[in-house]
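Take a look at the sequence and the model, then read on.

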Amino acid sequence: MKRKLVDSDEVLKELLKSPIFRKEREKLEPQHQLERAMIEARMNKGISQRDLAKSINSTQAVISRIESGSVSPSLNTINRIAMALGKKLQIRFVSPRSFQ
């Protein structure tokens, strides 16, 4: 039997019709923002997870778990990572936005 490829944008569009899905997605957005920002900054600096871990006196496994969203790091850990990446951590409270 031939399998049909599914367009992920179409799947997301369909899922976003559900208020429950939108609410859960919104709850996870800060974690996803952290993951994306951390990976982007690390890649831009051209260092490995292992190198980043060494610079904050941690392990590659910890960095991997943070970048994959498996764990929620402390604010202190996030700040140490930012500094190791030559960045300054900035935290802001903003008005909620829609994920449509």
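A word on the ground rules. This is a predicted model, where local features need pLDDT of at least 70, side-chain atom pairs count only at pLDDT 80 or more, and totals for chains, interfaces and linings use all residues. Residues are numbered from 1 along each chain as its sequence is written, and side-chain values use heavy atoms, leaving out hydrogens and water.

The secondary structure comes to five helices and zero strands (DSSP runs, H or I of at least four residues for helices, E of at least two for strands, numbered from the N terminus). Of the 100 residues, 23% count as buried (under 20% relative accessible area; exposed is over 50%, partly exposed in between, 1.4 Å probe, protein chains only).

Now for helix 5, residues 75–84: Thr77, Ile78, Ile81, Ala82 and Ala84 are buried there. Seen down the helix axis, these fall within an arc of 165° (using directions from the axis to the C-beta atoms), so they line one face of helix 5. Here are helices included in what covers them:

| Helix | Residues |
|---|---|
| helix 2 | 19–45 |
| helix 3 | 49–55 |
| helix 4 | 60–68 |

Just after helix 5, glycine 86 takes a positive phi of about 75°.

Over in helix 2 sits isoleucine 39, partly exposed at 31% relative accessibility.

Key:
Contact means heavy atoms within 4.5 Å.
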